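Dear colleague,

Please find below the structure that I am handing over to you, together with its sequence. I would be grateful if you would read the notes after it with the model open.

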Amino acid sequence: MTGENKGLTKAKEIYQDRSRRAKELKAGGKKIVGYNCIYSPLEMMAALDLEPYGLFGDMREPTSKADRGLPTAFCPIMRSLLDLGLKGRYDFLDGMVMPHSCDAIEKTAHVWQCLIPVPYFHFLDIPCTVHEESLEYFKGQLIDLKKTLESFAGKELSSEKLRKAIETYNEQRALVRELYDLRKPDPPFISGTESLQVIKALMSIPVEEGNELLRQVISEVKERKNGPQKKAARLLVWSHILDDVALMETIEGAGANVVIDDCCVGRRAYQADIDITEDPLDGLTNYYLTKIACARTFREAVFGETKKDRIADLESKFGYMKDYVNEWNVNGAVLLLVRFCDPFGFEVTEVTDYFNSLDLPSTYLEHGYSEGSLAPLRTRAQAFLETLSS
Amino acid sequence: MAKEGEKKKAISRLKSMYPLRAKVDETYQKSVEAMKAGKPTVWSMVNWWEGDVILKAMDLEVVYPENYSTVCASAGVAESYLNRSDADGFPTHLCGYSRNTFGYTSRMIKELGSEIPPEAPMGGMPKPILLLSSNCICDARYKWFQALGRYMDVPVWALEMPIPGVKELAMEGCYERSISVMVTHLRGFIAFLERLLGKKMDWDKLDELMRLTEELNRVWYEVNELRKAKPCPMHGRDFWSAMPASLFLAGDLKDTLECYRAMYDEVKYRVDNHIGAIAEEKYRLLFGELPPWHSLGFFDKLAERGWDVVIESWAYHPPIPIDLSKVSDPLERVARFSFQWHTGYFESALKEGEYFGYMAYPYLVYAREYKCDGAFMHPLISCRSASTHLQYASEMLMQKAKVPSLTVEGDIVDLRLFNPADALSRAEPFEEAMEHYRKVRKEEGFDW
């Protein structure tokens, strides 16, 4: 890792200048592969000595060029990402992997390929269901991805190397869960804002460096005396890609500690481990299709049952959040989405009904992924927090 | 000067269109009759023949909430359903069709004890025994039925269709893997239906219905091929009226096939006799996405200016015909047919370095083959997935075919989002653009 700083200061430094490390690595001869969302198998890239680099939009940058490829009534995060691509922000990339995690990403992937050529591009199709045949199909898709990555990297991917990479990423998942455990006390040892900063930093640097960063952060926050203050509201934030600390600061600044989240730049990518299997592709297949609890996948308690049992379905989809509520002692939840997000938008009433069944007060807040969205967001967050304290 | 009432219609409608248009009305009537007779009804997403033919073979009456939402919009009742959806907590930015359905279902179940709302047009949609969703085209179409679970405990089956990229589909094994997953998935679907209904699939019937589906779509494809003629013998309005019978496999398929054959004969007659759909075809237009169903008279105004809609969005057209005569398994034929619709243009897209191989790329093929002067793009505010490609398609048409686009935002449900007067005011400048690019194409060696 470069620089003198450590722990949270280091995480903040990386967060503020995310591409610096990737550019250093590129200068040293590494190929940088951009990816978005949490469905891109980073383990494959790392095992081939390619450097995965998380791609995000920028809610502080006015979206002025994306109209070339995407309409205005469309996921603002993807519009922002394409906008940055068209403006050259990601020109240092040698390749890209975009997964079919949602319709917006799928469509953006096709447009990106047409408008912003990169030496290597792979679109990874992912089924929407978790049947046996879907797993089989998805494994085939991963094998195809492996082939194109091998060709791009100029070397073969051995099972041993892939297994090793999986273990390293599993270590990162375990460390992130350990970090989240530090938010269980009241007050938490680390804020939601700081935590988001760390997670986004992890998506910007090599996995081994990320693991070292996590160890430093965990050690630091356990020992520090100036952590977050105790607040009446201990919130769970449910969201998709939540990639800017300003969003988290807005919620916490309204008078809450965000003690746990179910977000893509947050707990969701680290909640489960990849099983170590004889054929490591089996573990990857199972993890990426079935273990990530994202709204993009069609799930129900028992697929193909002729009798519908909604309570059981909600429990099977969101049961893990009951554990969050209990273990992190949550007393309120915020459903925080950008406008025009369909997979999560259709889940709002489902999640709300589930939280209601737990007697957990919740609110749904929407934003436009711009700085202008923050003030109204703060007002609505404050209004919700008032209801919690009354 | 002739009085308004005496004025000749600007678009000469096909006589053969009316029986096809009536097929969809029949479907709703049949579903209500079926409910009264105690027979099961299914609500289904448009699934591009992946599931419809199976439902038909199982004697299920099917209604399509997407289509029904346009009916509600046209009848003026959609607004109350949209408001109800908002009040029930669904985000207001969700697909207009879904919000209409949430509101409708909420009213039917919560207020009326599962009775069809009295204001529901065309007899309404009876409470279903199954919700058949599809991942094809957009996320909404497999998410929204699950969200209906808060109103009714009805099983949902999500149809799976692989959606690989243009380049990735060309990799060895990807195509057959896609077919294989669909076939296996459909076997599971049939087993599920057999459990749900307590009866077995009649495989001979499925086989016959699939053959009819292939044939009626082949004829329908040929009808649209005839529209390449100048002047174009069939306007887009007839296309939109006739397409639901294919998309929803409406009515008795033998009869529906005959209707399409009659349409072929009528269109062929017009081609042979140089009869155009409009009096004087000055501009041949490609129409991007669904039309404003609530304002279709708008196209007559454009026709008076010589604007002829000669081809429409790929999504609503039948697949490029493929020979399935050697495929004996009807489920494999279903899979190959449906997948052909989705990927039929991928091979040529790849050759041209175009990666939006469905939705966007077919416009380029259409513009060339139908000799289009312009593209009328109609992004649907509440139907993002169907509209996402239009922006890029406009750029591609200009870059590769020197065909300009006119973009007028609107919606399929919310009529407040489309302003016909404003759109018409942009007609004249766009005509200038079309004239200009005619010259550019000529200078650059294009053949139209």
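Predicted model: local features only at pLDDT ≥ 70, side-chain atom pairs only at ≥ 80, totals over all residues.

**The interface of chain B and chain A**

Chain B and chain A bury about 5,300 Å² between them, and 58% of that area lies on carbon and sulfur atoms. The contact draws on 61 residues of chain B and 63 residues of chain A. Between the two chains there are 4 salt bridges. One salt bridge pairs the side chains of B:Glu395 and A:Arg68, at 2.5 Å from N to O. Polar contacts across the interface of chain B and chain A number 23 residue pairs, with both residues at pLDDT 80 or more.

On the side of chain B that touches chain A, at least two residues each come from α5 (96-111), α6 (140-147), β4 (156-159), α7 (166-169), α8 (174-197) and α16 (384-401) of chain B. Of these, α8(B) gives the most, with 9 residues.

**Salt bridges**

Over all chains the count is 83 salt bridges.

B:Asp59 and B:Lys205 form a salt bridge whose closest N and O atoms are 2.5 Å apart. This pair links distant parts of the chain, 146 residues apart: B:Asp59 is in the loop between α2 (52-57) and β2 (61-63) of chain B, while B:Lys205 is in helix α9 (residues 203-225) of chain B. B:Asp59 is partly exposed at 38% relative accessible area, and B:Lys205 is partly exposed at 25%.

A salt bridge also joins the side chains of B:Asp88 and B:Lys110, at 3.4 Å from N to O. B:Asp88 sits in the loop between α4 (78-87) and α5 of chain B, and B:Lys110, 22 residues apart from it, belongs to helix α5 of chain B. B:Asp88 counts as buried, because its relative accessibility of 16% is under the 20% cut-off. B:Lys110 is exposed, as its relative accessible area is 53%.

B:Glu215 is partly exposed at 23% relative accessibility, and B:Arg218 is partly exposed with a relative accessible area of 36%. Elsewhere, salt bridges that share partners join A:Arg310, A:Lys317, A:Glu347, A:Glu350, A:Asp353, B:Lys143 and B:Arg150 into one network.

**Two places in chain A**

A:Arg79 lies in helix α4 (residues 76-86) of chain A and is buried, with a relative accessible area of 8%. A polar atom of the A:Arg79 side chain lies 3.0 Å from the backbone oxygen of A:Leu70. Neighbours within four places in sequence aside, A:Arg79 is in contact with A:Thr63, A:Ala66, A:Asp67, A:Leu70, A:Pro71, A:Thr72 and A:Phe74.

Helix α6 (residues 132-153) of chain A has 22 residues. From first C-alpha to last, this helix reaches 31 Å, close to the 32 Å expected at 1.5 Å a residue. After α6(A) comes A:Gly154, which has a positive phi, near 75°.

With kind regards

Methods:
Residues numbered from 1 in each chain as written. Chains lettered and ligands numbered in written order. Heavy atoms only, no water. Contact = heavy atoms within 4.5 Å. Buried area = accessible area lost by both parts, 1.4 Å probe. Polar contact = N/O pair within 3.5 Å; in protein donor to acceptor, adjacent residues only side chain to side chain. Helix = DSSP H or I, 4+ residues; strand = E, 2+ residues; numbered from the N terminus. Expected span 1.5 Å × (residues − 1). Buried < 20%, exposed > 50% of the residue type's maximum accessible area, 1.4 Å probe, protein only.
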